[in-house]
Amino acid sequence: MTLRPNWKSTCKAILYLLPALLILITFNIYPIIKSFLMSFYTDYDYFNNVVHARGLTNFITLFNDQNFIKALSNTLIFVVGVVPISIILSLLIALLLNSKIKFLGFFRTIYFLPFVTSVVAVAIVWGWIFHSDYGLLNYFLGWFGVDPIKWITDPNFAMLALIILSIWKGLGFNIIIFLAGLQNINQQYYLAAKVDGASAWNRFKTVTLPLLSPTMFFISIISIINAFKVFDEIFALFNGRPGPANSTLTVVYYVYQKFYEEWQFGLASAAAFVLFIFVFIFTLIQLIIGKKFVHYQ
């Protein structure tokens with residue numbers, strides 16, 4: 001039986017929610033609003049917290065700054081390079097791990113390990129793998145006659161190196177979520193498909209993919225948001241710099257530079273707000289597409 005809300009039940013619910021709401025408002029909502037307001041500060045005394053002038057100058061400066069345009073371009077390249085490959089690879093590995101194979105627990109642990117490992121530790125390992133003279137990757141490519149590549153120091157390959165590292169780092173989380181989605185699919189659908197003579201590919205296309213679409217939708221949203229916010233991997237892999245010749249400068253790294261290195265708080269806040277708009281638009285597009293293609297049981 002569903003009870004109708006009344007004043008007593010509403011007040012009781014608010015009291016339960018209040019501690020979490022206070023933390024959320026203090027550490028999430030207030031900083032977002034404050035950053036938005038700061039994006040309009042054109043003359044700001046940080047030490048005395050006095051705003052002498054406000055306006056749209058920060059946004060105009062931002063779009064006339066070639067570094068910001070490069071950061072936007074690099075961020076989009078990173079998102080396009082990481083998200084689709086990461087989702088496809090995760091799904092393939094999850095399908096394998098969902099089958100009846102030996103040492104299943106071992107393989108699941110191995111694939112999840114990168115996700116729980118520190119980004120710094122991962123970057124150090126990949127820094128060695130990408131080493132132009134002694135790296136494992138160049139050694140492997142040498143078997144196929146490929147000359148050594150300067151993955152970390154060549155601007156033409158730095159973004160590719162970052163994309164490879166990020167895909168590897170994020171696989172574990174996606175695989176676990178896909179596995180949970182696969183195990184929630186009712187086996188009766190597969191049995192019915194087998195009785196009808198459906199091949200493995202047809203079972204995947206007509207049963208697995210549609211019933212896994214909510215999981216895929218969730219992972220795509222999370223992956224795109226995380227890809228837009230990439231920072232740790234760049235900082236750790238390129239020793240605190242945005243790659244050779246700013247080749248891996250992203251919007252979040254641009255915000256970091258303006259805020260912490262150049263103390264241009266208004267400009268940094270404006271860049272953060274532009275990034276928020278981009279993420280918001282992409283999420284809206286995904287929600288619209290999701291309504292058409294996502295199937296709930």
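The model I am reading is a predicted one.

**Two asparagines with positive phi**

I went to Asn-246 to begin with, in the loop between H10 and H11. Its relative accessibility is 22%, so I file Asn-246 as partly exposed. Its phi is positive, about 60°, although Asn-246 is not a glycine.

I then looked up Asn-49, which sits in the loop between E1 and strand E2 (50-54). Phi of Asn-49 is near 55°, again a positive value in a residue other than glycine. Because its relative accessibility is 49%, Asn-49 also goes down as partly exposed.

Where does Phe-40 lie? I found Phe-40 in the loop between H1 and strand E1 (41-45). At 23% relative accessibility, I count Phe-40 as partly exposed. Setting aside neighbours within four places in sequence, I list its contacts as Ala-53, Arg-54, Gly-55, Leu-56, Asn-58 and Phe-59.

**The largest pocket**

I put the volume of the largest pocket at about 780 Å³. Of its 23 lining residues, I noted Ile-32, Ser-35, Ala-272, Leu-275 and Phe-276 as the closest to the centre. Which helices each supply at least two residues of the lining? They are helix H1 (7-38), helix H11 (251-261) and helix H12 (265-293). H12 gives the most, with 8 residues. By type, I sorted the lining into 18 nonpolar, 3 polar and 2 charged residues.

While on H12, I looked at Leu-284, which is found in that helix. Its relative accessibility of 38% makes Leu-284 partly exposed. For Leu-284 and Ile-85, 199 residues apart in sequence, I have a C-alpha to C-alpha distance of 22 Å.

**The nonpolar core**

The largest nonpolar core has 63 residues, and I marked Leu-62, Phe-68, Phe-78 and Tyr-254 as those with the most contacts inside it. I followed up Phe-78: apart from neighbours within four places in sequence, Phe-78 is in contact with Met-159, Leu-162, Ile-163, Ser-166, Ala-227 and Val-230.

**Asn-174, a polar residue in H7**

Is Asn-174 buried or exposed? Its relative accessible area is 4%, so Asn-174 is buried, the cut-off being under 20%. I placed Asn-174 in helix H7 (residues 155-183). Beyond neighbours within four places in sequence, Asn-174 is in contact with Ser-86, Ser-90, Ile-219 and Ser-223.

**One side of H5**

My last stop was helix H5 (residues 119-129), where I found Val-119, Val-122, Ala-123, Trp-126 and Ile-129 buried. These residues cover an arc of only 115° around the axis, and therefore lie on the same side of H5. What covers the buried residues of H5? I noted that the cover includes helix H4 (104-116), helix H6 (136-142), H7 and helix H10 (232-237).

How values were computed: Residues are numbered from 1 along each chain as its sequence is written. This is a predicted model: local features need pLDDT of at least 70, side-chain atom pairs count only at pLDDT 80 or more; totals for chains, interfaces and linings use all residues. Side-chain values use heavy atoms; hydrogens and water are left out. On a 1 Å grid over the protein atoms alone, a cavity is a set of points where a 1.4 Å probe fits but cannot get out, and a pocket is an open set with protein on both sides within 12 Å along at least five of seven lines; lining residues have an atom within 4 Å of a point. Grid points are joined across faces, edges and corners, and a volume is the space filled by probe spheres set on the points. Helices (H or I, at least four residues) and strands (E, at least two) are DSSP runs, numbered from the N terminus. Ala, Val, Leu, Ile, Met, Phe, Trp, Tyr, Cys and Pro count as nonpolar, Asp, Glu, Lys and Arg as charged, and the others, Gly among them, as polar. A nonpolar core is a set of buried Ala, Val, Leu, Ile, Met, Phe, Trp, Tyr and Cys residues joined through side-chain atoms within 4.5 Å. Buried means under 20% relative accessible area, exposed over 50%, partly exposed in between (1.4 Å probe, protein chains only). Contact means heavy atoms within 4.5 Å. The arc is that of the directions from the helix axis to the C-beta atoms.
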